[in-house]
Structure formats: C-alpha cells, structure tokens
Amino acid sequence: MKLWNGLREKRDYKAAMTFLMPNFIGFLVFTAGPVLLSLYMSFTNWSMKRTIELEWVGLRNYADLLSDGDFWFYFYNTIYFMLAIPFTVAGSLFLANLLVDEMRIKAVKTRQTMALLTAIIGFICSAFMAVMGWYDAALLVGVVFLAAFFGVLFGAVTYRTMFYVPSFASGVATIVLWVQIFNPDTGLANNLLSFFLPDGTPLPTWLTSSQNILGFIPQPAHFNNGGFGLGAREAIMIMGFWMGIGGNNMILYIASISSIPKSLYEAADIDGAGAFSKFWHITVPSVAPTTFFITIMATIAGLQGGFQFAKIMTDGGPAGMTTTLAYYIYVAGFEELKLGYASAVAWVMFVIIFLMTLVNWKYGNRRTESAT
C-alpha cells in the first residue's frame with residue numbers, strides 16, 4: 001500500500017509540474033530574469049551607446065541619484081499626484097453607498113412614466129441650449145438626462161455599469177479623449193467654465209500650464225509660480241479621479257456594504273439615527289478592512305503610476321511638471337540610453353514602495369482592527 005501511494009504521489013507530482021512548468025519558465029524568463037538583470041545593471045554604467053564600455057561602478061549610480069535635482073523633483077511630482085488618492089477612495093465609498101441598493105420604484109408603469117418624463121425634459125433642455133448656441137452644455141445635459149432615463153427604467157445597475165466602464169475601456173483611448181476635453185480653445189472643460197466665470201477671466205490652460213494648486217513643498221525657482229492655479233498636474237488628477245471612483249474600488253465597496261447585517265441599520269432607525277449618522281457610525285467602520293486594502297493598492301499604484309498620462313498627454317511637460325519616477329525611468333533608460341542609471345532609479349523606487357507599504361500595513365492595519 002505504501003509503495004502504491006508513493007507511486008501515485010510521484011505520478012501526481014509529475015502531472016502537476018507538467019502543468020506548472022510553462023508558467024514557471026515564463027516567470028523566470030520574463031519576470032525574475034529581468035529583475036535580477038536590472039539589479040546587476042544598477043551597479044554598472046550599462047548604456048545603449050556603443051562608445052561606452054561596460055564597467056562595474058558600484059554605488060556610483062545611487063550616489064548620483066541622491067544628488068540629482070531632477071530625481072527629487074520627479075519624486076515630488078509622484079507624491080503630488082497621490083494627493084488625489086484620499087478623494088478617490090472617499091468618492092468610491094460614497095458612490096458605492098448610493099448604488100448598493102436598487103431603486104425602490106417597483107411598479108413598471110410608474111418607472112416607464114418617470115423615464116418618459118425624464119426623456120422629454122432632457123430633450124427640451126438640450127434643444128433650448130443648442131438653439132442658444134451652448135453646444136457643449138447641450139451635449140452634457142443630454143448625456144445626464146439620458147443616464148437618468150436608463151437609471152429610472154432599469155435601476156441602479158445602469159449607473160454601476162456606467163461608472164465601471166472606464167476601468168476596462170482602453171486607457172490610451174480614454175486619455176486621448178480627455179486631451180480633447182482639456183483643449184484650452186475648444187475643449188468641453190473650458191467651455192463649461194466660461195459659463196460661470198466673469199467675462200475676461202483667463203481660463204486654465206490645463207495640460208500646458210506649470211501652475212499648481214498646492215505649493216506646500218518648495219520647488220525650483222523656474223517651476224514656482226506662487227503655488228496657486230490650475231495646471232497640467234491638476235488636469236491629470238481630475239481625470240484620474242473620474243476614472244478611479246467608479247472602477248474596481250466601487251465594486252469592492254458595494255460587495256463590502258452588502259455584507260453588513262441589516263439589523264445594524266434597523267437598530268439605528270429605531271434609535272432615530274439619520275442617514276449620515278448611519279453612514280458614519282455603521283458603514284464606514286464596517287468597511288474599514290476594504291478601505292485598508294484599497295488604500296494599500298492605491299498607494300502602490302500611485303508610486304508606480306504616471307507613465308501613460310505623461311507619455312500620451314504631456315510628454316512629461318511642461319517643464320517636467322508631469323514627469324513621475326515611472327516616466328523618468330523610461331526617459332533615462334530609453335531616451336538618454338543610460339540603462340544602468342535607470343535601473344538604479346527603479347530599485348530606489350522599489351525600496352520606497354516597499355517601505356511605504358510596510359508603514360501603511362503596520363499602522364493602517366492596527367487602526368482597521370480597532371475600528372472593527
């Protein structure tokens with residue numbers, strides 16, 4: 001019996017390795033191998049220029065990095081972009097709280113009547129704005145009322161779908177669309193702002209401005225404008241907020257809120273608690289583990305992110321305002337051809353991400369356990 005069990009276990013082991021080996025080989029070739037190679041490259045002067053001979057330079061790349069003003073400014077940019085994370089997480093929670101329940105209109109005829117009225121009102125408003133020449137506003141109002149029409153007709157699932165669409169839509173296509181929205185002359189953003197600002201007020205140049213809202217960290221003199229205004233970084237943060245609140249975070253929050261016992265809310269209703277009190281004292285503490293997980297993942301993604309936006313929207317400009325560490329690695333490695341230095345930047349970024357994740361895990365997990 002022992003011999004038979006041994007042969008069967010050996011046969012199962014071979015079968016398992018047969019299925020696992022392609023993935024393991026792929027991991028070694030495409031992940032572990034490049035990672036180890038980049039670690040070696042960070043201690044050399046590895047360059048794609050044929051005139052430079054490969055040499056072992058030890059920690060010189062890391063020493064140059066610490067004295068590189070561009071590195072620290074791009075690190076500042078990376079942290080600046082992450083200021084949008086708390087708003088994105090809060091927005092996802094608020095949106096999930098709105099969409100967790102289906103609409104309470106049960107009668108089919110009532111839903112149909114309300115949907116018809118919504119469509120008629122939306123058409124009248126859009127037509128009026130189009131006649132007045134407010135084409136961008138007419139388009140926006142039409143889209144809003146169209147969403148309301150389907151929402152009334154089919155319920156909250158309509159809005160869940162609408163808000164989740166950007167998360168699986170093509171990132172490049174979405175970014176190109178936002179470039180047109182932020183166009184300073186013909187873009188939807190500035191055309192809508194013009195309705196609310198006095199005549200003659202200069203409109204934001206969005207992607208081409210070196211201004212910024214917050215100037216709490218000193219910047220180089222040629223970047224500093226006093227610290228106030230709307231600029232390229234804010235434009236990217238606005239786009240990221242819109243794309244982030246309705247994606248996977250919203251789905252995670254909806255699942256987490258749905259698992260909260262209804263008896264807690266019923267007890268709060270008996271005690272006379274309002275909607276905000278129930279949200280703040282029941283929903284927020286109950287979803288603390290989900291919030292902790294989302295915060296960890298958003299922090300990691302924020303430190304690693306910024307490449308797509310910088311490459312497609314601004315090419316890292318203006319004056320390096322939208323260049324993050326991820327994009328700086330690309331510039332140093334594939335534009336300046338300094339692969340050794342780019343590898344050093346990548347490993348420093350890895351250490352930063354690892355340390356911040358450890359801190360977040362240690363203190364954030366403790367607060368999560370106390371909240372639950």
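Of the 372 residues in the protein, 36% are buried, where buried denotes a relative accessible area under 20%, exposed one over 50%, and partly exposed anything in between, with a 1.4 Å probe and protein chains only. The structure is a predicted model, in which local features need pLDDT of at least 70 and side-chain atom pairs count only at pLDDT 80 or more, whereas totals for chains, interfaces and linings use all residues. Residues are numbered from 1 along each chain as its sequence is written, and side-chain values use heavy atoms, with hydrogens and water left out.

The protein has 17 helices and zero strands, these elements being DSSP runs numbered from the N terminus (H or I of at least four residues for helices, E of at least two for strands). Among contacts (heavy atoms within 4.5 Å) between residues at least 6 apart in sequence, 66% join residues at least 24 apart.

Helix α7, which comprises residues 156–168, has 13 residues and reaches 19 Å from its first C-alpha to its last, close to the 18 Å expected at 1.5 Å a residue, the expected span being 1.5 Å times one less than the number of residues. Ala156, Thr158 and Pro166 are buried in α7. In helix α8 (residues 171–181), the buried residues are Thr174, Ile175, Trp178 and Ile181. Viewed down the axis of α8, these buried residues fall within an arc of 110 degrees and therefore line one face of the helix, the arc being that of the directions from the helix axis to the C-beta atoms. The elements that cover the buried residues of α8 include α9 (188–193), α10 (232–245) and α15 (307–314).

Helices α12 (residues 262–270) and α13 (residues 275–286) pack at an angle of about 150 degrees, with their axes 11 Å apart; axes are lines fitted to C-alpha atoms, for helices over the stretch in contact, and angles run from 0 to 180 degrees between N-to-C directions. The contact is made by Leu264, Tyr265, Ala268 and Asp269 of α12 together with Lys278, Ile282 and Thr283 of α13. By class, the contact of α12 with α13 has four nonpolar, one polar and two charged residues, where Ala, Val, Leu, Ile, Met, Phe, Trp, Tyr, Cys and Pro count as nonpolar, Asp, Glu, Lys and Arg as charged, and the others, Gly among them, as polar.

Thr299, which lies in helix α14 (residues 288–304), is buried, with a relative accessible area of 10%. Leaving aside its neighbours within four places in sequence, Thr299 is in contact with Met82, Ile85, Met356 and Asn360. Thr357 lies in helix α17, and its C-alpha atom is separated by 7.6 Å from that of Thr299, 58 residues apart along the chain. With neighbours within four places in sequence again left aside, Thr357 is in contact with Ile296 and Ile300.

Backbone geometry is considered last. Most residues other than glycine have a negative phi, and most peptide bonds are trans. Trp206, although not a glycine, has a positive phi of about 50 degrees; Trp206 lies in the loop between α9 and α10 and counts as buried at 5% relative accessibility. Leu337, likewise not a glycine, has a positive phi of about 65 degrees and is placed in the loop between α16 and α17 (339–371), where Leu337 counts as partly exposed at 23% relative accessibility. A cis peptide bond, with omega about -5 degrees, joins Gly317 and Pro318, and Pro318 lies in the loop between α15 and α16 (325–335).
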